[in-house]
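Me: Hi! Could you take a look at this one with me? I have a few quick questions.

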Amino acid sequence: MKQFSIWLVGFCFTFCLLSGCNAQSPTTESKTLALVNSIALPNVSGRIDHLAFDPKTERIFVAALGNNTVEVIDLKNGKSIHSIKGFGEPQGIAFVAMNNTLFIANGQTGACDVLNAETYQKITSIPLPGDADNVRYDSTSKKIYVGYGDGGIAVIDAVGFKQVGDVKLEGHPESFQLDISHQKIFVNVPDKQQIEVIDLTQNIVTARWKLTEAKSNFPMSLDLEHHRLFIGCRRPAKLLILDSDTGKLISTVDTDSDVDDVFYDPQNKRIYMSCGGGYIDVIEQQDSGSYVVTEKLTSHSGARTSLLLPGLHRLIVASPKSLVNNAFLLVYELKR
């Protein structure tokens with residue numbers, strides 16, 4: 001029995017190391033971020049994907065992919081208020097204030113579900129070929145964009161809840177960003193190790209920019225003022241900074257592993273990267289061509305999705321349940 005107990009302890013310790021469990025406490029304060037709250041996500045297990053925000057009610061909507069639910073969080077009061085069930089691997093999510101609706105992309109079914117954001121009841125479901133993923137909303141044209149399948153961006157009327165367009169890509173789209181002033185969408189296509197540029201006036205791809213410095217380009221952010229595109233890569237772990245007009249590489253920065261969200265903060269000229277390796281990387285913009293990692297804050301292993309709320313000076317990082325931690329939203333205050 002004693003030998004078995006020793007073996008069991010050793011096995012658990014080894015498993016914890018191999019599974020990337022991080023028992024470290026999150027960094028509570030730094031020069032750039034201060035941890036001000038940890039909001040529990042009760043009964044949520046498995047991977048957590050992307051988040052959306054309703055600024056009027058200060059609700060955060062969390063796509064709990066591994067739990068097949070969307071969790072509703074009251075940010076102001078720091079508590080979970082509802083769990084919406086019945087999804088098939090919810091991944092991308094967008095809140096539309098105009099008609100108080102939620103658009104939720106399901107990876108398993110390929111459907112984009114439309115919900116009433118007050119009652120949480122489904123209004124309709126828009127079928128897509130499969131693996132519906134990231135979602136973006138353009139309030140000017142009142143259109144929703146959903147990446148899906150082996151290579152496509154579906155264009156959906158956010159008022160009539162109908163698909164009104166489709167753009168074909170060379171591979172599955174991960175994160176993409178809208179540049180409405182130039183009528184463009186920049187799309188990460190990691191299977192092809194490239195960025196595809198869509199012209200929204202024609203709904204066609206007009207440029208493909210190959211990435212040679214790193215692979216697995218999943219997250220993306222955009223600095224509209226300086227015409228800079230930020231690409232988070234996992235192999236190796238790097239941030240690539242590109243000229244968004246030409247696709248030319250401006251700079252690279254070594255980062256922590258397993259990044260899944262990147263956000264640019266124009267007020268503080270900082271980039272925040274939530275890395276599943278257990279860190280938040282803070283990168284300062286020195287000028288339009290120079291970027292430096294100034295801090296690496298401890299979070300939790302697997303905490304790789306996040307949401308920047310510039311108006312509230314908050315960064316929200318989703319920390320999934322592990323062997324040593326329950327699921328939480330880590331709420332950070334942005335320091336100026």
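Me: Which residue is the bridge partner of threonine 101 in β8?
Reply: Asparagine 116 is the partner of threonine 101. Numbering starts from 1 along each chain as its sequence is written. This is a predicted model, where local features need pLDDT of at least 70, side-chain atom pairs count only at pLDDT 80 or more, and totals for chains, interfaces and linings use all residues.

Me: And how many bridges do β7 and β8 pair over?
Reply: Strand β7 (residues 101-106) and strand β8 (residues 112-116) share 5 bridges, in the antiparallel sense. Strands here are DSSP runs (E, at least two residues), numbered from the N terminus, and two of them pair if DSSP finds at least two bridges between them.

Me: What's the strand order in that open sheet?
Reply: The 4 strands run β6-β7-β8-β9, with antiparallel pairing. At the edges are β6 (90-96) and β9 (122-126), each pairing on one side only.

Me: Switching topic: what volume does the largest pocket have?
Reply: About 1,100 Å³. Of its 34 lining residues, Arg136, Tyr137, Gln177, Phe263 and Leu307 are the closest to the centre. A pocket is an open set of points on a 1 Å grid over the protein atoms alone, where a 1.4 Å probe fits, with protein on both sides within 12 Å along at least five of seven lines; lining residues have an atom within 4 Å of a point. The volume is the space filled by probe spheres set on the points, which are joined across faces, edges and corners.

Me: Which strand gives the largest share of the lining?
Reply: That's β18, with 5 residues.

Conventions
Side-chain values use heavy atoms; hydrogens and water are left out.
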